[in-house]
Amino acid sequence: MVDISKFANSGLLMSYKALNNNESSLIELLDNPVDELDLVLLSIISYHEEENKKLMEWIFTSLVKNEEQQAKCSNYTDATARAERLVVWEKILEKKKITRKKTYKKSLDDICNFLMVSNDNFNRGFTFETEFSSIFIMQYRDNFFFQLIRTLEIFLSNSRLSPYIELFKLTYGIELKDYIQVVCHVILKFSQFQKIDYFRPYQTEQWKLIIEDPIFRNIDPGIVKRVLDFISNNVEVYCYDLKNKKSSVRDFSIFCNKPLLKLKNDEYIPIDGKLLEDLTFNNLFYKFLDMPNNNSFMSDFGFAFEDYVCKIVNESCSYREVYNYIPEFEFRYNKNKIKSHDAYIYNESKDTALVIEVKSSRFLNSMMVSEDSNDSFDRTVRKLFLDPWEQMMKSLTAIMTSNSEPRFSNRTTFFFLCVTMNDIPMYPLDLTIKQEGRDVTKYFFSMNIEAFEIFIEILSVESEYCFGSILLGFLEHKEVMSIKTYLSRIREHNNLKNLDLRARLEKKTNDFLS
């Protein structure tokens with residue numbers, strides 16, 4: 001049995017049943033009126049990841065009444081998690097009727113009770129491997145800054161995707177640049193609220209976003225309103241959509257596409273911080289994918305995604321004399337002209353090479369929303385890990401057999417890395433790759449694009465670490481943390497930050513947003 005408590009960044013969700021020694025359902029709790037203040041407080045709680053643990057102090061102060069309850073709840077560390085919290089949003093919005101009658105304390109107490117009951121009653125009936133992996137996928141949060149960089153480099157700068165920019169405007173009635181600018185300013189607005197003290201509530205009106213907000217001072221108000229309405233629903237529309245929802249109870253795509261809630265008087269609040277930030281790149285991808293007459297989009301996006309990865313690999317190598325960047329090349333094998341892997345990083349002094357294959361692949365959404373006895377999980381594992389690894393090994397065999405790259409020899413140590421658009425951060429499987437009967441699994445790795453961006457920054461800074469030692473070091477920690485968490489800790493602990501690279505990227509984003 002896997003002990004999740006041993007995982008980095010994990011915790012035990014607070015239980016209403018444990019606290020009150022009885023069970024309840026969200027339907028029962030929501031028989032009481034829902035106040036607009038409930039929505040605002042739930043929005044605040046749902047934005048920054050750290051609010052989850054901060055809220056525990058309020059629960060232990062306001063809802064835990066005696067030493068017996070204190071003892072029962074002492075092992076609980078987290079008030080809520082994303083999926084459980086989105087269920088609360090669904091149940092509240094299904095009610096439709098919102099009042100304005102509660103006190104701050106009553107409202108926050110009610111929201112905490114809603115969250116705890118959702119923790120107790122969340123549907124966890126999926127097959128173990130799927131259930132385990134889904135928890136980590138739901139909690140994963142991609143970095144907003146690098147999502148913006150990706151969008152600037154891939155969607156706005158790569159000529160392969162130029163035809164789709166006009167199609168975006170025709171489909172949605174919004175210029176792509178306007179969409180990105182408004183979305184980013186919305187995110188910057190809510191990111192300002194970092195230190196929220198639930199015991200000293202500020203004027204919650206400040207949390208509400210309006211079209212005339214000073215953060216939009218350089219953007220036409222008509223454009224702001226068009227974009228905000230494009231990424232939001234009001235209570236009535238959410239109520240209708242949720243009551244007519246035919247998909248799985250765990251399908252939150254309604255919120256993914258429109259993560260802003262529109263209140264009365266054109267006021268907006270976010271439903272979830274991660275989902276709002278994902279509008280910058282991850283969800284934007286699906287907005288392009290959903291457009292009509294775009295049959296070639298997936299192919300063109302794949303090439304643009306590959307171009308971006310190869311560009312940052314080349315740039316990283318330019319900071320280090322020890323690394324040589326080798327781009328994709330053509331070679332002849334068995335009388336056929338074929339292409340190599342997408343990129344290589346070669347360390348001549350150690351005679352080691354990092355073989356990089358880029359796939360714009362994503363986990364199957366069906367894995368998250370429907371119980372299918374691990375079928376979607378198994379196909380995701382094959383798509384993101386096993387198939388690319390087997391392809392990489394086969395391609396290298398052809399390169400070595402044909403002597404197509406003179407720097408590579410039988411003495412060269414190869415590491416294989418597949419870079420994907422997203423992935424399963426943690427999965428309860430030990431995958432195996434064999435070459436001629438020999439287990440070579442320890443040389444094969446896969447990571448999503450955000451983890452790769454961290455990895456490539458680490459490699460761009462002078463240090464004692466080589467790509468091989470970093471990757472092999474992960475094997476000692478893979479049972480308790482994702483590769484992104486591992487790389488983040490390597491970077492922070494050793495201060496492996498490329499200030500020149502960061503300054504250039506910050507200038508690029510500032511120029512775009514100004």
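Predicted model: local features only at pLDDT ≥ 70, side-chain atom pairs only at ≥ 80, totals over all residues.
Residues are numbered from 1 along each chain as its sequence is written, and side-chain values use heavy atoms, without hydrogens or water. Local features need pLDDT of at least 70 and side-chain atom pairs count only at pLDDT 80 or more, while totals for chains, interfaces and linings use all residues.

**Stop 1**

Helices (H or I, at least four residues) and strands (E, at least two) are DSSP runs, numbered from the N terminus. The four strands form an open sheet in the order 3-6-5-4, with mixed pairing. Two strands pair if DSSP finds at least two bridges between them. Strand 3 (209-210) and strand 4 (232-234) are the edges, each pairing on one side only.

Now zoom to strand 4 and strand 5 (residues 260-263). They run parallel, joined by three bridges. Pick N233: its bridge partner in strand 5 is L261.

**Stop 2**

Select residues 343-347, which are strand 10. Five of its five residues are buried (under 20% relative accessible area; exposed is over 50%, partly exposed in between; 1.4 Å probe, protein chains only). In a regular strand the side chains alternate between the two faces of the sheet. Here A343, I345 and N347 point one way, and Y344 and Y346 the other.

P327 stands opposite A343.

N347 stands opposite T352. Four residues lie between the strands of this hairpin, and D351 takes a positive phi near 50°.

**Stop 3: helix 6**

Select residues 82-95. How far apart are the end C-alpha atoms of helix 6? They are 21 Å apart, which agrees with the 20 Å that its 14 residues should span at 1.5 Å a residue; the expected span is 1.5 Å times one less than the number of residues. Eleven of the 14 residues are buried, among them W89, I92 and L93.

**Stop 4: the largest cavity**

A cavity is a set of points, on a 1 Å grid over the protein atoms alone, where a 1.4 Å probe fits but cannot get out. The structure holds three of 30 Å³ or more. The largest has a volume of about 160 Å³, a volume being the space filled by probe spheres set on the points.

Its lining has 15 residues (an atom within 4 Å of a point). Show Y308, I312, E315, L501 and L505, which lie nearest the centre. Helix 17 supplies the largest share, five residues.

Definitions and conventions. 1 Å grid on protein atoms, 1.4 Å probe; cavity = no way out; pocket = protein on both sides within 12 Å on 5 of 7 lines; lining within 4 Å.
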